[in-house]
Amino acid sequence: ITNMATDAENVYAASNKFFYSIKAKNGAENYQVDFKATKVGKPKFSYDIGDAVTIMGTKGVTAFNKSDGEALYSSEKIKNIERTYERGGKLYVQNEKDDLTLLDLETGETLGTIKIPKHNSEKKTLKQMAVGGDGNEEQYARIRELGGAADLTEDGKFIFVFDGNKVIKYQAE
């Protein structure tokens with residue numbers, strides 16, 4: 001089951017089979033709708049986007065209207081989702097290959113994807129990468145939240161990709 005999204009009166013979550021709306025006050029079910037029909041894989045994360053809830057699955061993203069559970073969209077464009085990052089009102093998702101995609105939660109559209117190369121330091125041990133360890137500056141760059149050889153600024157405006165001996169800066173639009 002996903003994490004829960006909440007509003008003043010209800011709790012929303014998804015399981016492998018259903019998307020649920022439950023009254024927070026007494027636990028009574030408002031509705032349950034077929035989640036499997038969205039074809040976005042197993043649900044992993046949920047996000048409150050105002051009048052709707054977006055659910056990130058292992059094979060894509062979908063959204064449901066809070067009032068009645070109507071499916072608003074389903075997108076299978078992003079496969080094998082491993083991690084999500086929220087920065088400055090933007091949602092970035094990363095797949096199993098560490099590719100980073102900027103996603104519009106209201107429409108399910110991908111706004112851009114960057115292929116993230118594997119970093120040389122991924123072959124090193126944690127001790128070698130640790131501050132004060134046997135690692136070098138290139139290995140130290142690998143100690144961060146994102147998978148692969150990339151990093152995001154706190155405001156979500158820029159993506160830095162470490163590619164060999166150079167750093168490439170991308171601006172998120």
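Here are some notes on this predicted model, point by point.

1. Ground rules. Since this is a predicted model, local features need pLDDT of at least 70 and side-chain atom pairs count only at pLDDT 80 or more, while totals for chains, interfaces and linings use all residues. Residues are numbered from 1 along each chain as its sequence is written, and side-chain values use heavy atoms, with hydrogens and water left out.

2. The overall picture. The protein has 15 strands and two helices; strands (E, at least two residues) and helices (H or I, at least four) are DSSP runs, numbered from the N terminus. Of its 173 residues, 43% count as buried, where buried means under 20% relative accessible area, exposed over 50% and partly exposed in between, with a 1.4 Å probe and protein chains only. The accessible surface comes to about 9800 Å², and carbon and sulfur atoms account for 48% of that; areas are from the Shrake-Rupley method with a 1.4 Å probe, and for residues only the protein chains shown count as cover. Take the contacts between residues at least 6 apart in sequence: 32% of them join residues at least 24 apart, a contact being heavy atoms within 4.5 Å.

3. β1-β2-β3-β4 is the order of an open sheet of four strands, with antiparallel pairing; two strands pair if DSSP finds at least two bridges between them. β1 and β4 (29-34) are the edge strands, each with a single partner, so one side of each has no neighbour in the sheet. β1 (5-6) pairs with β2 (residues 10-14) over two bridges, and Thr6 has Val11 in β2 as its bridge partner. Three residues separate β1 and β2 in their hairpin. β2 and β3 (residues 18-23) also form a hairpin with three residues between them, this time with five antiparallel bridges and with Ala13 opposite Tyr20 in β3.

4. A closer look at β2. How many of the five residues of β2 are buried? Five of the five, so β2 is largely enclosed by the rest of the structure. In a regular strand the side chains alternate between the two faces of the sheet. Here Asn10, Tyr12 and Ala14 point one way, Val11 and Ala13 the other, and all are buried.

5. Thr2. This residue sits in the segment before β1 and is buried at 5% relative accessibility. Not counting residues up to four places away in sequence, Thr2 touches Ala13 and Ala14, the run Pro43, Lys44, Phe45 and Ser46, and also Ile55.

6. With the same exclusion, Lys77 is in contact with Glu109 and Thr110. Lys77 is also 9.1 Å from Gly108, C-alpha to C-alpha, although the two are 31 residues apart in sequence.

7. The β9-β10 hairpin. Strand β9 (residues 81-87) runs antiparallel to β10, and six bridges join them. Arg87 has Lys90 in β10 as its bridge partner. The turn has two residues between the strands, and Gly88 there has a positive phi of about 55°.

8. The largest pocket. Its volume is about 160 Å³. A pocket here is found on a 1 Å grid over the protein atoms alone, as an open set of points where a 1.4 Å probe fits, with protein on both sides within 12 Å along at least five of seven lines; lining residues have an atom within 4 Å of a point. Grid points are joined across faces, edges and corners, and the volume is the space filled by probe spheres set on the points. Which residues line the largest pocket? They are Tyr47, Asp48, Ile49, Glu86, Gly89, Lys90, Leu91, Leu102, Leu103, Asp104, Leu105 and Leu111. The elements giving two or more residues to this lining are β5 (43-48), β10 (90-95) and β11 (100-103). By type, the lining divides into seven nonpolar, one polar and four charged residues; Ala, Val, Leu, Ile, Met, Phe, Trp, Tyr, Cys and Pro count as nonpolar, Asp, Glu, Lys and Arg as charged, and the others, Gly among them, as polar.
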